[in-house]
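Me: I would like to go through the aromatic contacts in this model. Please give the criterion with each label.

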2 protein chains.
Amino acid sequence: MTLSEEDYIKAIYHLSKGKTAAVSTNAIAAQMDTKPSSVTDMIKKLSEKNLVFYKKYKGVSLTESGSSSALAIIRKHRLWEVFLVEKLDFAWDEVHSIAEQLEHIKSEKLIDKLDVYLGSPKVDPHGDPIPSKDGKFKKSIKKLVSELPIGAAGICVGVNDSSAAFLKFLDKNKIALGDTLQILDKEEFDGSVQLKTSHATIRISSQIASNLFLEVSENQ
Amino acid sequence: MTLSEEDYIKAIYHLSKGKTAAVSTNAIAAQMDTKPSSVTDMIKKLSEKNLVFYKKYKGVSLTESGSSSALAIIRKHRLWEVFLVEKLDFAWDEVHSIAEQLEHIKSEKLIDKLDVYLGSPKVDPHGDPIPSKDGKFKKSIKKLVSELPIGAAGICVGVNDSSAAFLKFLDKNKIALGDTLQILDKEEFDGSVQLKTSHATIRISSQIASNLFLEVSENQ
DNA sequence: ATAATTATTTAGACAAAGCTAAAAATATGT
DNA sequence: ACATATTTTTAGCTTTGTCTAAATAATTAT
Ligand SMILES: [Mn+2]
Ligand SMILES: [Mn+2]
Ligand SMILES: [Mn+2]
Ligand SMILES: [Mn+2]
């Protein structure tokens with residue numbers, strides 16, 4: 001598989017995650033920041049290699065083989081992210097683009113040894129689960145503050161929008177990665193949320209609430 | 001610079017190291033395991049980008065810019081090799097092909113942090129020097145046993161030929177990476193060498209002697 | 001000084017991955 | 001149901017990096 005094929009397979013995986021329907025050409029083009037015509041070309045190639053099911057005009061979905069390839073790439077991506085943050089001291093919002101490159105390094109032994117070296121982590125620095133070597137992982141336990149019910153608590157593991165303005169807001173309110181946060185109240189009218197942080201109780205707007213991810217315990 | 005351009009620049013660097021003459025098209029083709037016509041094509045592109053001096057039929061040599069690019073890639077290659085051996089516990093003869101991929105990852109910050117994490121090593125696992133960020137390094141102090149005079153001693157840092165047969169020979173004679181070896185005598189007739197190892201005094205053939213690298217102190 | 005050999009370059013082709021513009025299929029609104 | 005809009009595909013072109021075969025330059029041998 002070429003680097004580009006790997007990125008397409010990964011994009012298709014992420015787009016079909018959750019949903020059951022086939023993924024559309026335009027959706028892939030948007031995700032990959034490329035043109036629909038290029039996507040059609042690539043889809044044909046992936047179909048030829050039995051990585052996707054493809055019916056003209058009917059969208060695309062991963063085969064068994066495509067799905068396990070996607071999981072292998074995601075495993076590499078997230079293990080490298082852990083390495084960058086834990087060992088090289090990168091900030092969690094700097095590692096994605098580097099891991100986007102490292103995920104394509106070809107050596108099974110390298111990933112096995114990296115996994116051992118990192119202590120076989122189960123989640124990456126953004127709270128996303130790391131698939132095991134055979135492609136299994138706990139279903140995502142990462143939720144937006146806006147999706148959680150009153151009373152729910154969790155560990156802050158990431159943001160949707162990592163703009164400077166938003167990160168500044170978190171800083172000002174002393175919210176950091178790893179902090180435990182609890183939802184005290186939700187205002188139905190405007191979607192604002194009353195949040196208990198490690199330092200204070202604050203009220204955040206619905207925009208903020210739908211940008212902040214918490215890792216919550218399994219049964220939420 | 002593309003991955004392929006980087007590999008060509010590195011090959012030209014290695015081929016012109018030591019020698020003053022320009023590097024020939026055929027030499028590059030042999031080193032890169034490709035065809036001379038492909039080399040000519042690539043050389044034109046590199047020349048266009050001012051990475052090499054090129055005169056038709058007269059060979060090629062690196063410009064200042066080409067040379068510093070080569071050193072940056074070599075720095076990355078060797079730092080990753082140190083990482084693989086020191087941190088991931090790879091054997092020194094397994095790391096080259098993986099580093100051949102890792103050397104192309106683009107992120108200055110990544111290499112700076114990797115360097116710090118490894119304690120700014122000065123040599124790679126094969127005894128080759130690691131250029132500093134600004135492209136400086138001690139000239140190679142790695143010599144073949146066959147090139148050294150009687151009396152010289154050094155640390156075993158590598159082999160030319162890593163065939164199973166040769167590695168088996170080293171194993172049988174209890175010669176390992178990091179061992180100190182000393183040349184006790186050289187036979188002019190057949191080039192064989194009497195060698196003091198950590199465990200015994202042995203006689204090695206000229207083939208062996210020209211396959212075994214020692215790191216010797218600067219003034220040898 | 002020629003002739004033969006070797007090295008290098010050119011010409012033309014191909015596969016991968018992308019693009020634009022146009023055509024065809026599907027979906028939507030009235 | 002039909003016209004309009006949207007989505008998807010096709011056709012044709014570009015760039016990068018490779019190849020083979022042929023042409024040309026440089027070197028070596030007689
Ligand atoms: Mn990628
Ligand atoms: Mn991640
Ligand atoms: Mn390389
Ligand atoms: Mn090395």
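Reply: Ring pairs link A:Trp80, A:Phe83, A:Tyr117, B:Trp80, B:Phe83 and B:Tyr117 into a cluster. This is a predicted model: local features need pLDDT of at least 70, side-chain atom pairs count only at pLDDT 80 or more, and totals for chains, interfaces and linings use all residues. Residues are numbered from 1 along each chain as written, chains are lettered from A and ligands numbered from 1 in the order written, and side-chain values use heavy atoms, without hydrogens and water.

Me: Why is the pair of A:Trp80 and B:Trp80 called edge-to-face?

Reply: The centres are 6.2 Å apart and the planes stand at 85°, so the pair is edge-to-face.

Me: Why does this pair join two chains?

Reply: A:Trp80 lies in helix 4 (residues 64-86) of chain A and B:Trp80 in helix 4 (residues 64-87) of chain B, so two chains are joined. Helices are DSSP runs (H or I, at least four residues), numbered from the N terminus.

Me: What makes B:Trp80 and B:Phe83 edge-to-face?

Reply: Their ring centres are 5.6 Å apart and their planes at 80°, so the label holds.

Terms used:
Rings of Phe, Tyr and Trp (its six-membered ring) pair if their centres lie within 6.5 Å; planes under 30 degrees apart count as stacked, over 60 as edge-to-face and the rest as tilted.
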